[in-house]
Amino acid sequence: MLWRPWRRLYSSRSWGAFACDTSPALDHRHQIPTAPYDSSPLAGTVSRSEAHLILHPAQYARPPTSWPSHVESACALLSELASRTKPHGSLDGFRVNLSSGDDASLPTADAWDPRRSAAMRAPPNHQQEDEQYWMYAYAMPGRLVKWPEPVSLRTLPSGPELRASLQALWQKAEDQHETHIYVCTHGMRDCRCGVAGPALYDALKEAVEKHDTQCRFEGTQPARQIRVWPISHVGGHKFAACALVYPHGDWYGNLRVSDAPLLVRAALAPPSSRHDLDDLRERLVLWPRWRGRLAMSEAEQRDHMDTWGPPIVHTAHITPQRRAGPSSRDTPHLLPLRFHSHDGQWYDVDGEEGESLMQVARRYDLPGIEATCGGELECATCHAYVCDAQRDDPQARGMIHEAPSWSAHEVSQEEDDMLEYAPFRQASSRLTCQVRVTRALSDWMIQRGGRVELNRY
Ligand code: FES
């Protein structure tokens with residue numbers, strides 16, 4: 001069993017200590033809902049900032065459950081930096097936040113009082129002024145700078161000096177092959193962040209550990225070292241859980257535990273874009289959960305999504321009626337197939353014998369099939385369930401928990417390995433890029449109620 005230092009400070013058990021009513025964050029089963037808390041579009045919801053400064057404790061550990069709603073009321077250094085980022089301040093255009101880090105060697109200090117009023121500040125010469133923090137500074141494109149020594153309110157350089165030094169450091173910064181994922185877990189600010197955030201945080205830690213273990217097993221180096229930390233309120237709590245991937249600068253929302261492997265995959269991409277067809281960074285962005293990017297305006301974020309994100313699914317363009325009329329049946333190579341979406345929409349479409357189910361789904365813009373890697377067995381975003389109908393209700397979601405009665409295709413070892421990264425893997429899970437259209441498959445669907453059940457992401 002691996003030692004997991006983050007468990008000591010922030011295990012799931014300790015996350016539950018928020019002094020707020022968590023019922024708005026849970027559904028009728030007292031679970032985090034799988035659907036977003038808010039269904040507004042995500043892209044273009046990050047207000048523009050030129051750079052992001054994030055403080056990590058260098059002296060004492062305080063759990064995020066003790067962060068007051070306005071954490072500047074308890075942290076004098078954060079309060080000073082936040083006031084400098086106001087319009088016309090010396091750090092205008094910057095954003096600043098607090099992380100709890102995960103340094104298990106730090107002594108724990110008296111926890112802050114989470115009910116502390118937003119208007120309160122430490123009195124002058126309070127010991128808070130000497131408390132030290134590491135400062136991580138992120139800017140675009142893909143720049144990460146760690147301030148060389150811990151700072152406190154007393155040792156903090158003036159605003160213009162700090163800005164000039166950071167700009168000089170960013171200019172010479174090289175990629176350190178490190179990615180930092182910050183998850184908003186600020187429960188006293190909004191209970192949805194306090195409930196969905198910690199669940200995502202734990203899932204990301206597990207996913208990173210799993211990836212590192214896999215690399216060790218294969219004797220390879222991870223492409224990047226990924227660190228996952230809690231962060232104070234970043235805005236957009238109606239989109240909880242929210243996470244930031246730096247130095248890439250990407251902000252995500254509506255994240256659930258099942259998104260953790262895909263977010264880790266995005267974090268393994270290079271931090272800067274080349275903007276050509278092979279641009280790994282843009283191809284690995286988790287577009288369905290993407291809110292925006294550091295240093296882009298809201299309009300630029302929406303344009304960027306239009307340019308680089310997956311095509312928008314216009315279900316109105318898809319006929320929910322079965323298309324398998326005489327013409328398609330008489331055509332030797334076109335076979336009728338049946339897909340069923342998470343929200344109950346039926347798609348009766350034609351597939352060419354020999355092509356993959358993923359190619360059919362992409363041609364008809366069916367929801368839930370992203371296929372980011374284009375069928376190269378590198379992404380698992382073409383995951384779906386190839387399964388039988390429920391015996392008592394063929395119109396309901398199929399029997400995804402059981403292996404299908406159609407089994408002409410074996411799951412290869414490579415597909416099986418990649419399916420490990422598919423959220424909500426079940427006995428009927430398949431990567432649709434690996435399933436070929438055959439007459440037997442088509443007959444099973446049309447005559448015996450087989451179908452491809454699409455995921456909701
Ligand atoms: S499209 Fe990437 S694994 Fe199938």
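**Helices and a sheet**

Author: Helix 5 and helix 6 are oblique to each other. The model is predicted, so local features need pLDDT of at least 70 and side-chain atom pairs count only at pLDDT 80 or more, while totals for chains, interfaces and linings use all residues. Residues are numbered from 1 along each chain as its sequence is written.

Reader: Why are helix 5 and helix 6 called oblique?

Author: Their axes cross at roughly 60°. Angles under 35 degrees count as roughly parallel, over 145 as roughly antiparallel, 65 to 115 as roughly perpendicular and the rest as oblique. Therefore the pair is oblique. The axes of helix 5 (residues 191–218) and helix 6 (residues 260–267) come within 9 Å. Axes are lines fitted to C-alpha atoms, for helices over the stretch in contact, and angles run from 0 to 180 degrees between N-to-C directions. Helices (H or I, at least four residues) and strands (E, at least two) are DSSP runs, numbered from the N terminus.

Reader: Which residues make the contact?

Author: Helix 5 brings Leu 200, Ala 203, Leu 204, Ala 207, Val 208 and His 211. Helix 6 brings Ala 260, Pro 261, Leu 263 and Val 264. Contact means that C-beta atoms, placed from the backbone, lie within 7 Å.

Reader: How do you know that both faces of strand 7 are covered?

Author: Look at each side of strand 7 (residues 243–246). Ala 243 and Val 245 are buried on one side, and Leu 244 and Tyr 246 are buried on the other. Buried means 20 or more other C-beta atoms within 10 Å of the residue's own. In a regular strand, side chains alternate between the two faces of the sheet.

Reader: What makes strand 7 a partner of strand 5 and of strand 8?

Author: Two strands pair if DSSP finds at least two bridges between them. Four bridges join strand 5 (residues 178–184) to strand 7. Three join strand 7 to strand 8 (residues 250–252). Strand 7 runs antiparallel to strand 5 and to strand 8. Val 245 is the bridge partner of Ile 181, and Leu 244 stands opposite Trp 251.

Reader: Why do strand 6 and strand 9 stand at the edges?

Author: The open sheet has five strands in the order 6-5-7-8-9, with mixed pairing. Strand 6 (225–231) and strand 9 (290–293) each have a single partner strand, so one side of each is left without a neighbour in the sheet. From one strand to the next, the twist averages 20°.

Technical notes:
Contact = placed C-beta atoms within 7 Å. Buried ≥ 20, exposed ≤ 12 C-beta atoms within 10 Å, placed from the backbone.
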